[in-house]
Structures are given as structure tokens and as C-alpha cells.
Amino acid sequence: MSVASFHSSSSMRSMTVATAHKAITECVADARSDTLEVQEKALQNLVSITQVSPLYRNLLAQVDGAIPILIALSKSSSSSIQSLSLSILFNLSLNHDMKRLLASMETIYHLNALISLGSPETVKLSSSLICSLAMLDKNKAKFGVAGTIRLLVRALSVPSVLGAHHILCSLAELGQFHGNCTVAVRSGAIPVLISVVESTGVEDLAGTALTVLGLLARFEEGLRALMKTDCIVNSMVNVLKGRCMLSKEGATEILLRLFDESDSCLRDALSMPEFLGVVADLSVRGSAKARERAALLMNKVMNSDVDAYSNAVSVYSQWY
């Protein structure tokens, strides 16, 4: 098979298993070469072929020594070799049965080092690989133990970090495990995430940051930290006034948890003239999840001290 044909998806899909196995084996052999150009071409071909099919990923994993070689090359001093190797490892991780195999503690510590010291490109690729590996529940705790969460939080705290979306997605996946939420809170994640919500001009970043905050708020330590955050209610109401529906869904979830925990948070919200209007509007024009949460917020207002919050009744009645 010619090198050019590797870059044609239709050609790769039409390969027989025997042909694919032979081509992959040859690429792995070339990846061992001492010549940089030969290595790069072999890895580029493997990136292309592992994007196509779970079968081809399995064929690569079955080649003797392939995964150790790729992990070793991801430590290369050549940025292109390093990036290509990480891309192949990410493609392999898309196969569910490889997630445990790839998530050795040695590999996790290596990914930690790349998060801390790598280039913007390697930070993005490493974060993506962490996110993919963490989708296997049994891997989540390993990253917490290895200190990955603390390093992700630290990386996210850098202003305008280029891999912010990838880092946030990793935190969102790792935050599905309770113990990791505790680690994140103690690593200072909440002020860092609030900063992302308030400062970013990229709405999907704010939305993902709010998703992570919602995960942290499920547990007492995270919720307490949120309640201690200056102007937290004001920040969440400002999110409701924005355009991003994912952000609004996250903000309503956080407000619900704050109101459940503290009447003072509800009073803070009701002291803002725009609060009831934006919630009422969201309960009609939001996504299904946002409408549901907005309705719950309205019910909390209605079930509070009506004399103190009589304005809430009048606004609520205009919408229902």
C-alpha cells in the first residue's frame, strides 16, 4: 500500500485485515527508526489509520511492543514526534477495552509532566488523552491519586491558556468521582473556575466550567466553598442574562444548590431586580433542562416567605 493511500479514508476502509495488519506492522517498525523523517512518516500514517476504525486500533495494539514504543516516543525531544505519538495514543484510547491498558501509573505520571511542562499542543493532546482514559470509571481514582487534578487546576489558572477547553473537559470527566471533587476543591478549583466563567469571551468554556462547578457543588465541601465565594449569586445571575444555554443550565443548577443550603443566597438573588425576570424568561424560552431548573427556582421563591418576597408573586403570576 502506498503512503498516499493512508490518507484516503475510503482506501483504508477497503483494506483487508491482512493488508491492514501488514501496513501497521511496517509502520511500527519504521517508528523505531533512527531517522526522524522515517519516524514522522510512520507516525503520520498510524495517526491516519487509527482514526478510521476500532479494528485497526486493535490491530496496532496487537503488534508486539507497539504501545511501549508509542509511549516512549511521546517522551521524544522532537515536538512533532511527541505530538504524533500522543495523537495515536488518543486514537487507541477511543476503544473502550484499551482504556485500562493505557492508563498505567507510569503513563499517567508522564501525562502529568506534559500538563505541567509541555507546549500548548502537548497540553491539549495530553488533556484529551486524560479525558478519554477517565471515561473508564476504574481509571478516575488513579488520576486523583497521581495528582493529575491539582496539575489540571494549576494549568487552567494560567490566563488565556490555549488548552483550556481540553483541560475543562478532563476535569468534568474526572469530577464524576466523589474523591476527585474533594481533591479539586482543595486544589483551589472553585476560584479558578469562577474566574473562567467571569473572564472568558468563549461561551463554551464558561459552560464547561459551570458544569464542573455543578459537579463540585454536589458535595458539602464544594458547596461550602462556593458559598464563601464573593458575589457568587450575582455571578450566576449574570450568567443567566447571557446567551449560552449550557452556561444557563449550569448556573441554574448551582443556584438551586445554593438556595437549598442558604436563605441568605435566596435573599441576595431576590435583591437583584433582574433575577425574577431572567428566571421567568428562562422557564419559557430555555432548553428542556433549563426550563425544568428555572421552574424549580421559581417554586423555591414561591415557597419562601411570601410577605418578604411579594414582588416574586406578581412577577411569577405574569408568566404562569
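Q: On a 1 Å grid over the protein atoms alone, a cavity is a set of points where a 1.4 Å probe fits but cannot get out. How many cavities of 30 Å³ or more does a search of the whole structure find?

A: A volume here is the space filled by probe spheres set on the grid points, which are joined across faces, edges and corners. The search finds one cavity of 30 Å³ or more, and the largest cavity holds about 60 Å³ of space. This is a predicted model, in which local features need pLDDT of at least 70 and side-chain atom pairs count only at pLDDT 80 or more, while totals for chains, interfaces and linings use all residues. Residues are numbered from 1 along each chain as its sequence is written, and side-chain values use heavy atoms, with hydrogens and water left out.

Q: Which residues line the largest cavity?

A: A lining residue has an atom within 4 Å of a grid point. For the largest cavity these are Ile149, Leu171, Leu174, Gly175, Asn180, Cys181, Ala184, Ala189, Val212 and Leu216. The elements giving two or more residues to this lining are α12, α13 and α15 (203–216); the largest share, three residues, comes from α13. Such helices (H or I, at least four residues) are DSSP runs numbered from the N terminus, as are strands (E, at least two).

Q: How many residues of each class are in that lining?

A: Ala, Val, Leu, Ile, Met, Phe, Trp, Tyr, Cys and Pro count as nonpolar, Asp, Glu, Lys and Arg as charged, and the others, Gly among them, as polar. The lining of the largest cavity has eight nonpolar, two polar and no charged residues.

Q: How is a pocket read, and how much space lies in the largest pocket?

A: A pocket is an open set of points with protein on both sides within 12 Å along at least five of seven lines. About 240 Å³ of space lies in the largest pocket. Its lining has 13 residues, of which Leu156, Val158, Ser160, Val196 and Ser199 lie nearest its centre. Helix α14 gives the most to this lining, with four residues.

Q: Is helix α11 mostly covered or mostly open?

A: A residue is buried under 20% relative accessible area, exposed over 50% and partly exposed in between (1.4 Å probe, protein chains only). Helix α11 (residues 148–156) is mostly covered, with seven of its nine residues buried. Among the buried residues of α11 are Ile149 and Leu156. The buried residues of α11 are in contact (heavy atoms within 4.5 Å) with several helices, including α8 (105–117), α12 (164–174) and α14 (189–199).

Q: Is Cys231 buried or exposed?

A: Cys231 is found in the loop between α16 (220–227) and α17 (232–240). Cys231 counts as exposed because its relative accessible area is 55%. Most residues other than glycine have a negative phi. Phi of Cys231 is near 55 degrees, a positive value in a residue other than glycine.

Q: Which residues have the most contacts inside the largest nonpolar core?

A: In soluble globular proteins, nonpolar side chains tend to be buried together. A nonpolar core is a set of buried Ala, Val, Leu, Ile, Met, Phe, Trp, Tyr and Cys residues joined through side-chain atoms within 4.5 Å. The largest such core has 102 residues, and those with the most contacts inside it are Leu258 and Phe275. Helix α14 supplies the largest share of this core, seven residues. Not counting residues up to four places away in sequence, Phe275 touches Val237, Leu255, Phe259, Ala269, Leu270 and Val301.
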